[in-house]
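This report looks at the pockets of one protein model and at a residue that takes part in them. The sequence and structure come first.

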Amino acid sequence: MITSSRSISFGSDSESLLSCSKFYFEEKILEKLIRLEYKMELNEEKLKKWEDAFSSKMDKMEEAIKQTEVFVESVRENQLQEQSRLNDSFHGIVENLSIQSKNESEYHGQQMTTMLESLSSKMEELNIDEKKRDNALEIMQNTLHRERNRFNQSFEIILENFRLSSNRTIEELIERQQKGYDALMNQKNTVAFSAYTTHSQVIYSNTNIKFEKVWTNIGNGYNPSTGIFTAPRQGVYQITAVVLSVSGKQLYLHLKHNNEYTAGRLVYGDGYKTGTFDVVLNLQKGDTISVVCKSSTSVYSDSDKYNTFSGHLIA
């Protein structure tokens, strides 16, 4: 279940990264196209200005021709009225006007020719710019195609490395979780107890000594009200006990396994005497262990905790 969930997450991250990269390239291409269109608009405005100027010149030339014609007509009328008096002058004036008209026509013709040549040159430049734009667009498309292929290859490599790294991370996580689980299970399977008594007791024959105070009771095998340890699971246990007699009293002890007396201790003489046990037993689940007095006697203890009963699972 963990591997499946992470794979879905990785797929979503990969698609998001690819989408963002494609959007970036498309945004750059759109920006360059907008700049090119703006440049075309500027060229169109310049061309329109040239056309307007040319049209204005043509209007002026036509106006000049019309004025000349009006003037010639006026001169002719004057010539008819004063033909005899102004005959010589008329020929001179007509001559001068013809020369002037010719000169103006040549001048305006040259200007028109120059403007046409300039317009033709600008059109050629515009065609060249158009070709350059097409070439640049083609280069950009080829570059974009190469970059996209290279990006796809790089992205596939990165994605593969990420998948390998993720798999290693998941394996390490599973391994750590398994170790933690094993440690938890080992801790869960631990069995240990240690109890003591702080007051003296009169013990009758074949009666358990009660160690009513508890330091440790992992596995809840020890019952302080009865002084009996019940094995919560099968295994090898180390059992220890220390019992102090009343001064000058005999101490006859046994370690009782179920209904069987195992190790025994007999101590007697003057003063206080200590009986100890330290045995290793193979217990089955439900087996009981206790410290028993075989004969009636008294045991001594106080706040110094002389009497103890302990055990723990060792295998």
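In the lining of the largest pocket, six residues are nonpolar, one is polar and six are charged. Here Ala, Val, Leu, Ile, Met, Phe, Trp, Tyr, Cys and Pro count as nonpolar, Asp, Glu, Lys and Arg as charged, and the others, Gly among them, as polar. The model is predicted: local features need pLDDT of at least 70, side-chain atom pairs count only at pLDDT 80 or more, and totals for chains, interfaces and linings use all residues. Residues are numbered from 1 along each chain as its sequence is written, and side-chain values use heavy atoms, without hydrogens and water.

A pocket is an open set of points on a 1 Å grid over the protein atoms alone, where a 1.4 Å probe fits, with protein on both sides within 12 Å along at least five of seven lines; lining residues have an atom within 4 Å of a point. Volume is the space filled by probe spheres set on the points, which are joined across faces, edges and corners.

| Pocket | Volume | Largest share of lining |
|---|---|---|
| Largest | about 220 Å³ | α1, seven residues |

Helices are DSSP runs (H or I, at least four residues), numbered from the N terminus. Asp129 is found in helix α2 (residues 83–188). Asp129 is among the residues closest to the centre of the largest pocket, and the lining of the second largest pocket also includes Asp129. With a relative accessible area of 28%, Asp129 is partly exposed, a class between buried (under 20%) and exposed (over 50%), using a 1.4 Å probe and protein chains only. Its C-alpha atom is 10.0 Å from that of Lys39, 90 residues apart along the chain.

Technical notes:
Helix = DSSP H or I, 4+ residues; strand = E, 2+ residues; numbered from the N terminus.
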